[in-house]
Each structure stands twice: as C-alpha cells, then as structure tokens.
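Let's walk through this complex together, chain by chain and then contact by contact. Please keep the sequence and the model open as you read.

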Amino acid sequence: MSTEVVAAETAVNTVVDNSAGLKAIGAALAVSATGFASAWTEKEIGCAAIGAMTENENLFGKGLILTVIPETIVIFGLVVSLLIIS
Amino acid sequence: MLEPKRMSRAVIVGHKSILEATVDALYTANLFQMEDFVEDGSGLEIGTPTGNVSEVSKKIVQIRSIASMLGIKDKEAKKQNENDVLRDLDAKLNELDSELTRRADKKSKLEAELKDIDSTKKELVPFTNIDLDLGLYRGYDSLVVFVGHVKEDPGVVVSNRISSFDYFYDPKEGVVALFAAKADSGVVSEALSSVGFREIRVPDVSGMPATLISDLEKKEAEIVQQMAALDAEVESLNDKYADFILASDEVLSIQTEKSEAPLKIATSDSTFIIDGWVLSEDYDKLNSVVESATNGRAFVSEQEISHEAEDLVPVEYNNSKAASPFEAIMDLYSRPNYKELDPSSIIFITFPLFYGMILGDMGYAAILLTLAFVLKKVISIEAVKPLLNILIYCQISTLIFGVLYGEFLGFPLASFHSSPGLIPGFETIDLFASPFGGEVITYPVHRSHLVMTMIAVTFLIGFIHLATGFMFGFINVKKQHGVVEAIFEKGSWLVIQLGLVLAVLGALGTLPVEIGVGALVIGLIMLVKGEGINGVVELPALLSNSLSYTRVIAVGLSSIYIASTVNEMAFGMIWQPGTSIGFMTIIAIIVFLAGHTLNTVLSIIAPGLHSLRLQYVEFFGKFYKGGGRKYSPFGYTRKYTED
Amino acid sequence: MELLQKLRRYYPGSRKKGGSRKKGSSNYAYTTTRVRAMKVHLFPKETYPRLMNMDLNEMTRFIQESKYKDAIDEMARNYKGVDLIENALNRNLAVTFTKLIDISEGELNLLISEQLKEYDIWNIKTILRGKYCNASTEEIMEAIVAAGSMHYTEFAELASKDTYQEVISELVESEYYPILEQYTGDNLDDIENQLDKKYYADLFDVIGLAKSKDRKLFANFTRTGIDVKNLMTLFRLKKSGMTDPEYMDLMIDGGSQMTLVDIERMLDLPFEEFIAELENYPCWDEISDVVSSDMESLSIVESRLKKYRLKSAISSSRFYPLSIVPIMDYMLSKKNEVNNLRIIIRGKAANLGDDFIREQLVI
C-alpha cells in the first residue's frame, strides 16, 4: 500500500470521527439548551402554581398541567437529538 | 355516555305556612338543588331562618371549637339514634365544657407557676457560686450590703480605702457581695463604682442558693409532669367524647341547614318561591314528594332552561361504571359545562393508551399493578379509589405494550442482532421495512432502533387525536350556536387536516397534488370566516400540537435508557453474572433495586403527567371549556346518626 | 462546585429567617398567585344580604364555616357573643396579614412590612386612647390587630400597664418613641397626627429604596390612599364648619390628585363651592349622588370613598397582575370585609335598622 493511500484513509477516518463527535455535541446541545429553557420557565409557573395550591387544593390539576406546559420545549429538544443521533 | 345527565329546572311555589314542611321534605328526599335567590328589586325578599337556629348555632360554635381543640377528626363510627343524641346533648356538652374548663384553668395556673419559678431562678443564678445563705444578705442594723455585678475583683480598691470589711467575689459570674460598716457606705460605693458596679436585687428568700435552685428545678420538673398529665387527660377526653361530638355536630348541622334554607329562597308577604334543579329522571319523584308533604298545597312546575341559565345548570356525570374513574381526571381539570360533551369515555381509552405506549415494560407493569391492588385493599379513602382504578387501567395497557415491545425492567426479552435477550432462544423476527428512515419493523418492537418510525407513528396518532378533538368541538359549537358556526369554526380545521393528508399523499405521488392544496385553501377560507385572523395565527399550532405527541416515544426512550443504564451498571460494570459471587454481587443487587425503585416512581409520574398533558392541553384545547357546577342536591347523607 | 459557590454568594442567606428576607429577589409569581387564590375566599357580595337576615349566633357559626374557622375556634373558648366575633375578626386579620409578610421575599416583603406598620401605629394609638379614657385591658385588647411588626403579646403587655407613662417608657426602643415622648396626657390628637405623618413619611422613604416598577405602582397606591384620607378629613371639617388654616396640620402630604395647596384652597371655600370643586376629581363619579349641600350624615360619603379606593385598586391590579398591586388590593379587600362584618355585628347588637346598616357597608 502506498503512503498516499494510507494518508488519505486516515484523513477520511478523521473526518468521519469528527462528524460523529459533532453530532454528539449537537445532540447534547439540543437536549441541554432546551432543558435549561423549560426548567427556567417551569420554575416561575411552578412557583405560582404552588402559591395557588396552598390556598386552594382543588387547583392541583390545573397547577400541575400549567407547570408542565413548557415541558414541550425539552421534548422537542429530545426528539431533535434523537433524530441527530439515529 | 358522552353527555351529562339531563336536568330540569323546577320551581316550587306555596304559602309560607307550609315552607318548613316543604323544606323538610326536600331535605329528606335529597334530590333537589336549590338555586340561591339574589334580591333583584322585584319586591321579593330573602326569607328569614326558621326555628331556634340561634340557639343551635351557639351550640355548634361551641362544639366545633372543642372539636378543633381536642383535634377530633372524621372517622368511621357506629351510627347513633338522633333523638338520643339530642336528648343528652345539653348535659353532655356542659359536662365536657366543665371538664375542659377545669383543666384549662389548672393548666394556666401551672403555667403561671412555671413562669414564677423561672423568674426566681433567673434571680438566683448570680448567687450560685457564692456560698452564703441568702438570709444573711439582709437584716443588719450597722452593716450595709452591696450586691451586684462588677468588672473585676473589687478587693484591692476597697481595701485601699477602708480596712474592715468582708466580701465574697465570684469571678465566673462577676458578682460581688460586700459587707461593710454603715458609716463607710459612701466610700465603698465610690470605690465600687470604679470597677463598674451594677447593683442587683437579692431574692427575698433564705437558704443556700445552690440548694434553692435545685429545689426549684425539682418543682419545675414536677409541674412539667403535671402539665403532661393534663394533656394526656385531654387526649383521653378526645377518645371519650369523639363519637358524641361528631354525632351532635351532624345533628345540629342538619337542623341549621334546614332552618337556614329560607336564606336561599325568595319570599313575599305570604308566599315562597323555591327555584332549583332536579335530575329529569327524578322530576316526578320530586313532584310526589312535595305533594305528599304538603297535601298538594305546594305547586311544582318545570321551567324551560333559558339560554342565560345554561351556565348555571349543575352537572351530574352519566358514564358507564368502567369509565367513571376518569371523571376524577375531568374534575381535576374542570367539570364539563351542561351544554358540552363529557369526554370521560374518550379519556378512558386514550389516557391508558398513551401511558402504556410511553412506559411499555412488563416488569414495571407487574410491579405497579401489584402495588395498585395492594393499595386498593388498604386504603379506604373515597377520593383515592378512582385514581387507583386509573392506575390499574394504565398498567394493563402497559402490560400489553410491554409484550409488544418485549421489554422487562429495561432488558430486551428477545435477542436483537448479536446482543442477547433475557429469554434464551427468543429471536427478534424481521417483519417488513418501515417507510421511515430505512428501518425494519420487527417483533418485538425495539423502540430504540425504530426511532424514526416511532416518531412518525406518534405524530400520526396525534394528528388523529386532534381530529377527534375538532370533531368534538364541532358538536359542542353546533349544540350551542348552530351548525353554520360549527362548520366554519371547527369544520374548517378538519378540512385543513384533510387537506394536509391529501397534499402529503400527493407529494408521494399517489394523488394529484392539486386536490390536497385545493382542500387546504378551502379550509383556510372557512377558518378565516369562522375565527378571523386569530385562526390563521393558530395555524402553526396544528404542527406543534402534533409534534407534541412525539413525547410518547421520547419520554418512553428516556425511561428505557434509565432502566438499561441501571442494568448495565449493576450487571455489567459492578458485577458480571457468571463470575464468582461475592461482595460485589450484593452491591450490584443494591444498585439494581435502588435504580429500579427510582425508575418505578418515575414510571408513575412521567408517563402519567405526559399522557395527562396530551389530554388536557392538546386534546381539550380543541373543544373543551368546562366550568360546570357540581350537582349537589339539598340534603345530607348521614354518617354518624340515624333517625 | 465553583458555580454553586458563586450562586450562594449571589443570594447571601436569602433562605434565612428574619431580616434577611428583605434582601434577595422577590417571589412575585408565588406571592401574587397565592394572594389571588386567597382573594377567592373572600365573601361574595351576595353573602351580605343573607348575613343581614341572621342573628349574632348564626353569624358566628356562618363565619366559622369559612376561612375564619381557626380564629373562631380559638376565641370561642374564652369569649361569647359580640366579643367572640370581634376578637376572632381581629385575630384573623392579623394572621392573614402576617402571613403575607411570611410568604413574600425581597423587595415585596419590605414594602408589605412597611405598609403593615399601619397596624403597629393603630395599636399604639388604641392603647393610648384606652388609657386616656380608663378602658380595661380586655376592652383595649379587643381592638388590637397585631398585623404589623410587633407581636400580640407585646401589645397585651403594653395594655396591661396602669398608666400611659408606663406604656410609653416600655416603648423606649421603638421608632415611635421620639413622638410618644412628647405625650403629656392631653395632646393625644397631636400625637396621633404625628404618628400618621411619620407612617407616611417612612412609607415614602421605603418606596424610594425600591428599585423595580413596583416603586411607582406602590407609590400610586399609597397616594390614592392619602387622597381618600385627606378628603374624609376635609369632609368632616367642612361639615362641622371648621375652616381655620391651622387644621391643615391634619392633612397628609403626598396625595396623587390633591396637593396640600389644593386642599388649603378648598378648606377655605364654602360647602357648596367645595362640592362644586370636587367635580373635577376622579372620585366624583362615586360620590356624586350622595353629596349635597344639605346632606345629614357623612357615613355614606365615607363608605363611598372607601369603595372608590377599592375600585381603583382592583382596576390597577388587573393592569399589573405580577406586581405588588394585587397584594395591596387583597389587603384592602380583606380589611374591608372584616370592616363590613363588624358593621353588621355592631349594628345588630345596637339594634340599628337594616337600611342604616346597609348604608354603611362597602360592597
């Protein structure tokens, strides 16, 4: 095998490796950034929901649902990262 | 099934002299919900309570105050005869009251004593380390005694000025007691002030300070004990009188509720008008109840339910027994309005469906199913029962999907490619190629290898679920505002959805694209007519809502990953099955159990919440308003007493 | 870990009890929604006609079935009849308002605490007044609402003192001592007036410290309150024909619609012209039909003015849902509810006519 071919092969391998790494980073970013986003919004809503619930237990259902509404953001992030990886 | 029970608005009119009889009959029948009368300037007025409600109220206030003081809670108890309860009420209440008062007085006396002791003790503390009888501090004719705090030993400064004196100094507390001749008092006090002397009072007792303090401490302990005994006595009063209090509260509450019914009723000088609601099926019964109680002198008539009154109509669910637990989920959100479809029966199917699709693991299903059945046996609280039933439905669904997915506590049951399954010899079978992502559908379905397909499938399920929601919306709008509005407001969305499907089919080449696009345009025009510009703004929500259903696979995968990570940690990294059994085996088992316990808890919360959210936000958002009032007829179900 | 430490430095002891609650960020979402949920528990206006048809015992039972349960349960052991309700109402008000202090954090907490000092002042005034007319300790305690920074037991101790000198010397540590010091036994009016002025001066000082948009909202709220207060004083003065400029001393500076200059001018006008002048102010809509030159009692004007204040608080709380305004609105409504209940109870106990009682209610 000539040295050029070996060099070319290593180069190709590196490129492939890099793309796998970048994919992983992209997937991680998708999950973590959306995770932060939904956590931040849920914090405010959760605070409010707990405030309302302490005074009126019947609001539990509504409070719970309002709290998890921003969860969609991280779900989208998760789906996107799954798409990136698979 | 999809509609609440029919209600009738009934108005009862009669002469004031039969008001009490009518109210009594209604109360016993427990099928008529009174509508509160609001004075509106029509000349009718709110009635005044009947009977000796003032006296009864006074007793109730007393009873409830005692109940909360004794910490009496609702509980199961034998039913007592109402007349017996009433007969003994005054005597027993007085007896209880005097017992409590006696103890309360005793306790406050003890508390005062304790406070006294405490303050004497505080006064004694400075003298603890001076070994001198407190009686010796006073009663001298020719001596003065200086007692107080000083900053340093005053011996030197004082002895510089006078020679004959005696003093005790406690360096720890910084206290001095100095005895000097009366004649020298001026000199001494001047000397003492140079060391920061601050006088303190000598307690008016005699004896050695240390013994005095230990005596006081003994006395203190005694009093604390006495107080504890009193508390225990009050506790025993709770046991002794709980039944009496619960029963008499019930009896008297019933009396006041009847007496105060006129406060909800419209009256004129001689007549009364009771307005309210009754289940249509009970209307005839109401009629006969009132007639027999008043010898036909009160008249019941049915009124048309006017459009404005529709929001007031109380709502009673009308679901099959199987679907009835899901009414709890409806109430958690908001009870349906009278003129609205009640989607309990749909949630009965879709909620466990989504839950099962998300969790889909036979192991967790088995654990949670057992848990639910055990809890059902143990817990007798009414409000929890529907939730446990829902949990059972969900686990059955999880079990079915677990078989489909071939999963057990995160382990695949069948071998897949080269990785082995839990059951030896159980091979994954390739069925057919999926149209998405070049994946192959297999049995058991390996979710983590069919991500693209599952995303597409869940998206489609969402699309269909939303369409059901729009159809419900169509029916609701039609019921409330007529068919034309229904077509434009909700029908438009269905047309748009259809258009999208046709357009996609067109893009795939099965149909001319124009048909789909045409349908889309028609749908859009209808939407603009039905909901105006708001509808167009809402349009992207169709996509985001459908995408939201991909959580079914996303949350499911995260649950698998947690479970298989636990498995990998326990039986891959810490200890491998087949190697020698030892300390690491135990660690592995602990990790395994702890990890799966955590994941079991998450398995109730995560799939439950997400499945619920898909109902509440995505599905209900398309048609549901809610805000119905609970049907709670005038009357009472006795728990502690009987006639 | 470094990040955690940084965060910890950022919120120095924000979870600790006591004064440090006033530092750190405010928890608007939590507090305002909780207060909103609390507001739902207030009696709706349909309740009052029904209460009017009940007698004292029934009313006691009725409010025991509501949020006042704890207070009634507790007081029913030691009190009966009117005393029971009066004490329970005060207790409930105090518990409710101190709860607001407990659940709020940061700037919000600071503003609420300062606002509630109103009750410290009210209680001190009550005790001094009680001592002035030789009321018994029980009688004084019946009017105490320990909703401010001072505790109920502190007031109980103050009220049990024999003379006003002892009361004042007991308050030597308090911020009101410089004013109380000047009390000679017969200048109670002046002392009370000074206390009120100090309250508002302090309030504006604290408002000046606040950084967020709440500062403006809270200031507006307070200024409207001052307007209403000044206007009531003005009405009383006018009604009894007092126009001496020295009464300007009774007025509080800082109103939003009426400056002290406006008031001084109005103080000098004859009653008809004064009323004509009022037409230029936003509260006129609320009082126009009850104000006339030959009006007999002021009580209806006062209840209308209170209503005007409530209405303006409610409307601005709709504009600023995540601010201090809904909380202030709740406090005002709650205070008003307790006031209404008290009016009915006292009115019934004194056998006043239903129509007369109804006129006093602010619904």
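The paragraphs below move from confidence to chain A, then to chain B and the interfaces, and end in chain C.

This is a predicted model, in which local features need pLDDT of at least 70, side-chain atom pairs count only at pLDDT 80 or more, and totals for chains, interfaces and linings use all residues. Residues are numbered from 1 along each chain as its sequence is written, while chains are lettered from A and ligands numbered from 1 in the order in which they are written. The predictor gives the complex an ipTM of 0.78 and a pTM of 0.79. For chain C, the average pLDDT (the predictor's confidence in each residue, from 0 to 100) is 80, and 92% of the residues score at least 70. Residues 1-20 of chain C have a pLDDT below 50, and this stretch has six contacts in the model beyond near neighbours in sequence. Here, two residues are in contact if their C-beta atoms, placed from the backbone, lie within 7 Å.

Read from the N terminus on, its elements go α-α-α. Of the 86 residues in chain A, 24% count as buried; a residue is buried if 20 or more other C-beta atoms lie within 10 Å of its own, exposed if 12 or fewer, and partly exposed in between, with C-beta atoms placed from the backbone. Among contacts in chain A between residues at least 6 apart in sequence, 72% join residues at least 24 apart.

Now look at where chain A meets chain B. On the chain B side 16 residues take part, in contact with 13 residues of chain A. Five helices of chain B, namely α8 (326-333), α12 (451-481), α15 (533-548), α16 (551-574) and α17 (583-619), each supply at least two residues of that side, and α17(B) gives the most, with four residues. By class, the chain B side has 11 nonpolar, three polar and two charged residues. In this scheme Ala, Val, Leu, Ile, Met, Phe, Trp, Tyr, Cys and Pro count as nonpolar, Asp, Glu, Lys and Arg as charged, and the others, Gly among them, as polar.

Helix α3 (residues 71-85) of chain A and α16(B) pack at an angle of about 75°, with their axes 9 Å apart. Axes are lines fitted to C-alpha atoms, for helices over the stretch in contact, and angles run from 0 to 180 degrees between N-to-C directions. That makes α3(A) roughly perpendicular to α16(B), since angles under 35 degrees count as roughly parallel, over 145 as roughly antiparallel, 65 to 115 as roughly perpendicular and the rest as oblique. Ile75(A), Leu78(A), Val79(A) and Leu82(A) meet Arg551(B), Ala554(B) and Leu557(B).

Six bridges join β6(B) to β7 (residues 175-181) of chain B. Phe168(B) stands opposite Ala177(B), and Asp166(B) has Phe179(B) as its bridge partner. The two strands form a hairpin with four residues between them, where Gly174(B) in the turn has a positive phi of about 70°.

Finally, 19 residues of chain B are in contact with 15 residues of chain C. Helix α2 (residues 53-70) of chain B gives the most to the chain B side, with 11 residues.

In chain C, Gly255(C) lies in the loop between α13 (214-239) and α14 (260-268). Is Gly255(C) buried or exposed? Gly255(C) is buried, because 21 other C-beta atoms lie within 10 Å. Gly225(C) is 30 residues from Gly255(C) in sequence and 7.6 Å away in space, C-alpha to C-alpha.

Terms used: Two strands pair if DSSP finds at least two bridges between them.
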